[in-house]
Amino acid sequence: MSPRPARGGGVEARVERLAERYGLGLGARKAMLALLDLLARDEHAPTTVREPGAAVDVHLADSLVGLELDEVRRARAIVDIGSGAGFPGLPLALALPEARLMLVESNGRRAGFLERAVAAVGVAGAQVIHARAEEWSEGRAAADLVVARALAPLPVVAEYAAPLMQVGGTLVAWRGRRDVEGEHTAALAASELGLEPGEPRRVAPYHGAEHRYLHLMSKVRETPARFPRRPGMALKRPLGGGRRGGPGERS
């Protein structure tokens, strides 16, 4: 079930409040409205939340809440893995115009939508990578920030992300309700990948949002050369002895 929209005002007014909350300029505000318009018009948009009144919360506000982290604000090379409809990557790129954004998406239809979205919002530093994260060899150590929203269980996300991160870089995974067992498994996986997990940060991106957490992992040493494993192995045999999984949990 989709979360309730925020109270008060139309879509433009709510985008304005979001911009004020995060100190965004007029260009970012216009681009966010253009992105909402594209979601509403494009029948091939790969999301069930396309109506602007809901999307301003579920997509824009939920993405921009990452700006509450210093690790996100100072990023200059961002990789959004399993980007789907472009969240959280595109809104973050609008807020961080000096950053380079790489939207990694293996599904051709979704990658096509991402190309249209990048054109619609005019993000000069954005590039769509139509590839699986495990097979994108050019992306190794390319990012100081990797982001992922509702992509896969945390150990799997960590394995996708670690080879793409520079030492000193950060993975931020958008998640729903906390799962202590899953977090323990993710910590075990992180130790194999050269990552170190931090304490999850509870966030409140919009009115009525519950159980929203940002999970951070810092890259503290080089990822062993045996990673990434061949495509599909991260899900089939998760590191840390975790359960095989589908999408990341959201609530």
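Ser63 touches Phe87, Pro88, Pro91, Leu92 and Trp174, leaving aside residues up to four places away in sequence; contact means heavy atoms within 4.5 Å. The structure is a predicted model, in which local features need pLDDT of at least 70, side-chain atom pairs count only at pLDDT 80 or more, and totals for chains, interfaces and linings use all residues. Residues are numbered from 1 along each chain as its sequence is written, and side-chain values use heavy atoms, with hydrogens and water left out.

**Ser63 and its setting**
- Ser63 lies in helix α3 (residues 52-64); helices (H or I, at least four residues) and strands (E, at least two) are DSSP runs numbered from the N terminus.
- The relative accessible area of Ser63 is 0%, so this residue is buried (buried is under 20% relative accessible area, exposed over 50%, partly exposed in between, with a 1.4 Å probe and protein chains only).
- Between the C-alpha atoms of Ser63 and Glu181, which are 118 residues apart along the chain, the separation is 26 Å.

**Cis peptide bonds**
- Phe87 and Pro88, both contacts of Ser63, are joined by a cis peptide bond with omega near 10°.
- Pro88 belongs to the loop between β1 (77-81) and α5 (89-95).
- The bond from Phe227 to Pro228 is also cis, with omega about 0°, and Pro228 sits in the loop between β8 (213-219) and α9 (233-236).

- Ala141, in the loop between β3 (126-130) and β4 (143-149), has a positive phi near 55°.
- Ala141 counts as partly exposed because its relative accessibility is 38%.
- Ala150, in the loop between β4 and α7 (154-161), has a positive phi of about 50°.
- With a relative accessible area of 27%, Ala150 is partly exposed.
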